[in-house]
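I opened this model to look up the sheet, the helices beside it and the relation between the chains.

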Number of protein chains: 2
Amino acid sequence: MQLSKIGEFGLIKKLRTKCKNIPPEILTGIGDDAAVIKQGNKKILITTDMMIEGIHFDPAFTTFYQLGYKFLAVNISDIFAMGGKPKYFFISIGIPKNYTSEDIDELYSGILKIAGEFGVAIAGGDTCASKKGLILSGTLMGSADRIITRSGAKVGDGIFVTSSLGDSAMGLMLLKSQMSDVRSQKLKTRNSKSLLPLIKKHLMPEPIPLKNTSKVTSMIDISDGLLIDLSHICDESRVGAVIYKNKIPISGELADTAKFLRTDPVKFALNGGEDYALLFTAPPDIKTTAFKIGEIVKSGRFIIDENGRKKIFRSEGYEHFKRK
Amino acid sequence: MQLSKIGEFGLIKKLRTKCKNIPPEILTGIGDDAAVIKQGNKKILITTDMMIEGIHFDPAFTTFYQLGYKFLAVNISDIFAMGGKPKYFFISIGIPKNYTSEDIDELYSGILKIAGEFGVAIAGGDTCASKKGLILSGTLMGSADRIITRSGAKVGDGIFVTSSLGDSAMGLMLLKSQMSDVRSQKLKTRNSKSLLPLIKKHLMPEPIPLKNTSKVTSMIDISDGLLIDLSHICDESRVGAVIYKNKIPISGELADTAKFLRTDPVKFALNGGEDYALLFTAPPDIKTTAFKIGEIVKSGRFIIDENGRKKIFRSEGYEHFKRK
């Protein structure tokens, strides 16, 4: 069967069934942000992310420094999504012939910058040649006292996000269009104060941990898009969700830019990926600075628009292999 | 600077200096077969290997089942090289459009076969699209009571290998030539009993742990070639080595095939890679079934040929980025 038919999530589901023979000390295997392994009274978290030139990044839009920064940032975000602390990073890298050692040096400077910010050590890896395009594969090990999975959401819980959404998706659109599009040239001149933070959010996302997780029932980082990542929580927790369009936090920069482009900023927040904000569920009265955007319900997935109309939402967002 | 000038090992050396800021619980970081992290009174081993289509494998020569088997085998070999026990495997995979879900299923069957043989659990990973060619990146976690690094070889130690060498390199040469070369067609007809085990050694290497490691002073697995991997032990242990050409174990199949091809089988053993045998040093009187091929000396790297002539050897073998 062609992979475009079953898609990334179909394939993962299939592989998960095939690899079901796991020992009891693996508390969470395939299907969460990170695997959890019990070692004595400690819990080890392991997450792995691959970034491929032409799929996940384009050297025309990013410096190697920014790329290195983002490479570790997305892995740190996965550890934060489980309530953990990132510790050791392992870097496998496939390098094409036309790259210089200065390029790789710059890449590692970006990795080391964010590693320093979050106390992560570079502990090993593998270096080899690539036939075409740069290939990065990172494994980040972390630890946690209490693990938060995708599967603990309860009916009545509030649904929260830790920061404004959609900036990264808009940033990517701006990057992709800025070379050619006349309107975006105008936008650039008029509006560069708004644009740069959006582009930076895409190129160098800053993962932020949730400080107090004691009452959090489930959590995920928004890497594929709010709707698709919320759907993962619903799937794993076997619950439904209602969210309110006008409660979704939008940055001033995204609102500004969307207004100029005559487009709906919330679209970017709902379906755009790579925000690397945390999406979590907790009792609705929890004390938090995060934004409450909805509630967990028994079943169904609904979005209530600005006029109070209730619509079913589907898990739209980025999925590998699927044709758009 | 072009990577072809500094080569894989030059680049690793550079990155190792750059990433020198490591916490004390990391006992061995960049530069050994696996990283070692102390967790309480346990030692965790982590190794990572990338395999890229067109660089490390060619789908014309291997089935996906064989590829999956080898993918985990090379990682298990790294854990064995540190004296450890393999435990949890994380698979990152970049899949091109033209692959089917059956291809990936077959690949995982090969992974699960060897995982079952060695008690390894598949604990997680990342699945994404690749622009061109299949990309595999594996991270294997293991544990060990006593760690054996590359840096403990002592003057006077014997140099040992756990099995015959060169089969894999000959197997690869046969695979590459068998489509076109008339002589190898003849060879195939005359000599297929010898050929198949050589090819199998290349496609599905079987890692074998060393049972008793209590007196072993240093160890590495032979992935790049005997001379280059022995040089790594010399570099890290700051010692020299003398090996005897006629003590290097050669399989009957390799001897047969080399004779027919009028070539020296020992060349394949010295410079051919991917044997995944273990190369270790230990006091010369150690009780072992392994083959003693030489001694650790104060300095210099020498090979003594069948006529007793002493020659300097250089660390020849496979190195990424270097032009041949």
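My entries follow, from numbering to sheet, helices and symmetry.

Residues are numbered from 1 along each chain as its sequence is written, and chains are lettered from A and ligands numbered from 1 in the order in which they are written. I note that the model is predicted: local features need pLDDT of at least 70, side-chain atom pairs count only at pLDDT 80 or more, and totals for chains, interfaces and linings use all residues.

**Sheet.** I found an open sheet of seven strands in chain B, with mixed pairing and the order 8-10-7-11-9-12-13. Helices (H or I, at least four residues) and strands (E, at least two) are DSSP runs numbered from the N terminus; two strands pair if DSSP finds at least two bridges between them. Strand 8 (218-221) and strand 13 (310-312) of chain B are the edge strands, each pairing on one side only.

The bridge partner of I304(B) in strand 13 of chain B is K310(B).

**Helices.** Helix 2 (residues 64-81) of chain B packs on the sheet and touches strand 8 and strand 10 (278-282) of chain B. Contact requires C-beta atoms, placed from the backbone, within 7 Å.

**Symmetry.** I superposed the copies by least squares on C-alpha atoms of residues with pLDDT of at least 70 in both. A rotation of 180° with 0.0 Å of shift along its axis places chain B on chain A (RMSD 0.0 Å). That is the relation of a two-fold axis. In chain B, S137(B) comes closest to the rotation axis, at 3.3 Å (C-alpha).

Note on methods: Contact = placed C-beta atoms within 7 Å. Axes fitted to C-alpha atoms, helices over the stretch in contact; angles between N-to-C directions.
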